[in-house]
Amino acid sequence: MQKQNLVDTCSNPAGWQPDKSPGTIKKQLSPVAPVLEQVWKQKGKRIKELSYVQSQIQIIYGEIAVTVEHVGNPEIDESVLLPKKLEEFHVQLRQLPKEKSERLKKVLELVSTIHDLCAVRGIDFFSTVTEVHPSLNYSSGLQSKGINNDTLSRLATTVSALQEDKQQR
């Protein structure tokens with residue numbers, strides 16, 4: 001009797017009610033086991049998907065911003081395993097390549113301007129862009145180009161300095 005009262009008073013978020021008929025606990029839990037197994041599999045899939053999406057976001061943030069808070073191994077917060085939160089991360093991941101592309105385009109425009117200004121002035125283009133960021137020197141063989149805020153700012157400063165020097169001459 002005391003056991004039954006304990007079972008009745010326990011909170012049951014899944015809505016499952018224990019079978020009142022006699023039998024082993026295994027028999028009573030057997031209908032719930034497949035559902036529980038499916039929930040655990042779904043949780044595992046969401047954790048893997050979230051981990052992948054967050055790592056991709058961090059990789060792109062690392063290329064764009066190179067800030068310490070965005071670089072490193074992502075920690076999985078199980079409270080964000082809800083489909084809505086996961087979709088928000090997917091939306092963010094879809095938007096980041098566009099921002100990365102726009103930054104890369106701006107970097108290439110500035111590098112092109114520096115190339116033109118160096119050609120007019122007879123300055124070594126490769127040493128000029130290498131001073132800004134080593135990845136901008138196409139002869140260095142680096143695949144990834146520096147597209148973070150600091151690189152964009154230094155490129156713009158270099159363009160301004162070269163244009164000012166050109167006007168003074």
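This passage describes the salt bridges and the largest nonpolar core of a predicted model.

Residues are numbered from 1 along each chain as its sequence is written. Because the model is predicted, local features need pLDDT of at least 70 and side-chain atom pairs count only at pLDDT 80 or more, whereas totals for chains, interfaces and linings use all residues; side-chain values use heavy atoms, with hydrogens and water left out.

The structure contains 4 salt bridges, a salt bridge being a side-chain nitrogen of Lys or Arg within 4 Å of a carboxyl oxygen of Asp or Glu. Among them is the pair Lys85 and Glu88, whose closest N and O atoms are 3.8 Å apart. Lys85 and Glu88 are 3 residues apart in helix H4 (residues 83-121), and are thus separated by about one helical turn. Helices (H or I, at least four residues) and strands (E, at least two) are DSSP runs, numbered from the N terminus. Lys85 is partly exposed, with a relative accessible area of 36%, and Glu88 is likewise classed as partly exposed, at 39%. In these terms, buried means under 20% relative accessible area, exposed over 50%, and partly exposed in between (1.4 Å probe, protein chains only).

A further salt bridge joins Arg94 to Glu87, with an N to O distance of 2.9 Å. Arg94 is exposed, at 53% relative accessibility, while Glu87 is partly exposed, at 38%. Glu99 and Arg103 also form a salt bridge, at 3.3 Å from N to O. Both residues of this pair, Glu99 and Arg103, belong to helix H4 and lie 4 residues apart, about one turn of the helix. Glu99 is partly exposed, with a relative accessibility of 33%, whereas Arg103 is buried, with a relative accessible area of 14%.

The largest nonpolar core comprises 24 residues, of which Val107, Val111, Ile114, Leu136 and Leu155 touch the most other members. A nonpolar core is a set of buried Ala, Val, Leu, Ile, Met, Phe, Trp, Tyr and Cys residues joined through side-chain atoms within 4.5 Å. At least two residues of this core come from each of helix H3 (33-64), H4, helix H5 (125-132) and helix H6 (149-168). The greatest contribution is that of H4, with 10 residues. Leu155 is in contact (heavy atoms within 4.5 Å) with Val107, Leu110, Val111, Ile114, Val132 and Leu136, its neighbours within four places in sequence being left aside. In soluble globular proteins, nonpolar side chains tend to be buried together.
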